[in-house]
Amino acid sequence: MIDEYLANVRESVNQQFLNIIKSDSQVSKAMLHTVLAPSKCIRAGIVRAAAELEGTLKKESINNLETAVEAMHSYSLIHDDLPAMDDDDMRRGQASSHIAYGEATAILAGDALHSLAYEIVASDANLSIEQKVNIIKILSDACGFNGMILGQQLDLESEGSDSGDINKIHALKTGRLISASLALPITNSKLRMKLKTIGEDVGLAFQIMDDVLEVTASSGALGKDSGSDIKNKKLTYVSVYGLEPAIKNAEKLIEQSKNKIIDLDDNLNSKSLLEICDFIISRDN
């Protein structure tokens with residue numbers, strides 16, 4: 001069952017965060033507040049499922065890559081919730097970082113998690129120098145000024161407008177890190193490029209479903225304010241295309257992605273990755 005699979009990933013990632021973040025400073029507490037909060041750990045799950053395709057990385061390295069991706073994702077959530085950004089008071093069923101620890105400490109906690117993602121990769125004892133360089137490049141490309149950061153900027157610029165490119169915003173803000181999660185543990189360069197492309201569609205489908213859940217699920221189910229996008233006059237897939245077309249497009253993207261994964265190579269262990277694709281569409285939070 002995919003729920004059990006992701007729960008196991010989450011347990012491994014949480015333990016690694018506890019092993020690494022041992023300081024009792026306020027910034028460390030703020031970091032743990034976000035990374036240990038209940039989450040689906042889908043990005044980390046994608047890392048593990050992608051690693052299973054080849055089966056070449058050691059378990060310890062896979063765990064490090066899972067944790068690095070979740071550190072990067074958690075940093076983005078902390079900053080996304082800030083008053084200057086989306087101004088959300090709840091995240092993952094608890095107070096957002098800036099509500100619990102103050103705005104300044106939340107910013108520092110996000111900065112620290114961003115740095116920690118690279119530190120975890122650089123400190124891995126089993127990855128080669130070349131592997132580390134490739135992984136850090138993939139991660140930085142996905143989250144930098146031409147990736148997730150640009151997506152966030154375009155998202156801010158589109159508030160109160162219907163003229164933004166919602167596909168581009170979602171592809172950058174959400175899709176790039178999910179695409180990177182698929183590519184990070186892959187050692188074969190040709191397979192890595194194919195998976196990055198597949199990951200772009202999976203990432204877009206994921207964010208489309210987030211937009212759908214924003215208007216169909218309760219705040220309790222989401223673990224955050226379900227009216228946040230409306231409050232902030234956000235451009236969303238639902239606001240641009242409507243609810244049913246949004247769902248159908250997400251389903252189409254996932255179906256296409258699954259077919260491409262199946263067509264990669266019969267020798268690849270794609271079972272978990274295919275199940276995560278299905279989960280992205282069927283999840284209720």
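Predicted model: local features only at pLDDT ≥ 70, side-chain atom pairs only at ≥ 80, totals over all residues.

Me: Why is helix 3 called roughly antiparallel to helix 15?

Reply: The two helices pack at an angle of about 150°, and their axes are 8 Å apart. That makes helix 3 roughly antiparallel to helix 15, because angles over 145 degrees get that name. On the helix 3 side, Ile42, Gly45, Ile46, Ala49, Glu52 and Leu53 meet Ser272, Leu273, Ile276 and Phe279 in helix 15.

Me: And which residues does Lys258 contact, leaving aside its neighbours within four places in sequence?

Reply: Lys258, which lies in helix 14, is in contact with Leu274, Cys277 and Asp278. With Asp278 there is also a polar contact between the side chains, at 2.7 Å. That value is within the 3.5 Å limit for a pair of N or O atoms.

Me: Is Lys258 buried or exposed?

Reply: Buried: the relative accessible area of Lys258 is 16%, and the label applies under 20%.

Me: Let's turn to another pair of helices. Why are helix 4 and helix 9 called roughly antiparallel?

Reply: Helix 4 (residues 59-80) packs against helix 9 at an angle of about 170°, with 11 Å between the axes. The cut-off is over 145 degrees, and helix 4 and helix 9 are therefore roughly antiparallel to each other. Where they meet, Val69, Met72, His73 and Asp80 belong to helix 4, while Lys173, Leu177 and Ser181 belong to helix 9.

Me: What makes Asp81 buried?

Reply: Asp81 is in the loop between helix 4 and strand 1 (90-91). Its relative accessibility is 2%, and under 20% counts as buried. Not counting residues up to four places away in sequence, Asp81 touches Asp87, Asp88, Arg91, Ser96 and His98.

Me: How do you know that the span of helix 6 agrees with its number of residues?

Reply: Helix 6 (residues 103-122) has 20 residues, which should span 28 Å at 1.5 Å a residue. Its end C-alpha atoms are 29 Å apart, so the two agree. Among its buried residues are Ala109, Gly110, Leu113 and Tyr118. The buried residues of helix 6 pack against helix 1, helix 2 (26-35), helix 4, helix 5 (97-101) and helix 7 (129-143).

Me: How do you know that the count of disulfides comes to zero?

Reply: A disulfide needs a pair of cysteine sulfur atoms within 2.5 Å, and by this rule the count is zero. Take Cys41: the closest cysteine sulfur is in Cys143, 16 Å away, which is too far for a bond. Seen from Cys143, the closest cysteine sulfur is in Cys41, again 16 Å away and too far. Cys41 counts as buried at 5% relative accessibility, and Cys143 is buried as well, with 3%.

Me: Why is Glu200 called partly exposed?

Reply: Glu200, found in helix 10, has a relative accessibility of 42%. Buried would need under 20% and exposed over 50%, so a value in between is called partly exposed. The C-alpha atoms of Glu200 and Ile178 are separated by 7.2 Å, and the two residues are 22 residues apart along the chain.

Me: Then what makes Gly55 and Asp284 exposed?

Reply: The cut-off for exposed is over 50%. Gly55, in the loop between helix 3 and helix 4, counts as exposed at 57% relative accessibility. Asp284, in the segment after helix 15, is exposed with a relative accessible area of 54%. Asp284 and Ala217 are 67 residues apart in sequence, and their C-alpha atoms are 7.1 Å apart in space.

Definitions and conventions. Residues numbered from 1 in each chain as written. Heavy atoms only, no water. Buried < 20%, exposed > 50% of the residue type's maximum accessible area, 1.4 Å probe, protein only. Helix = DSSP H or I, 4+ residues; strand = E, 2+ residues; numbered from the N terminus. Polar contact = N/O pair within 3.5 Å; in protein donor to acceptor, adjacent residues only side chain to side chain. Contact = heavy atoms within 4.5 Å. Axes fitted to C-alpha atoms, helices over the stretch in contact; angles between N-to-C directions. Parallel < 35°, antiparallel > 145°, perpendicular 65-115°, else oblique. Expected span 1.5 Å × (residues − 1).
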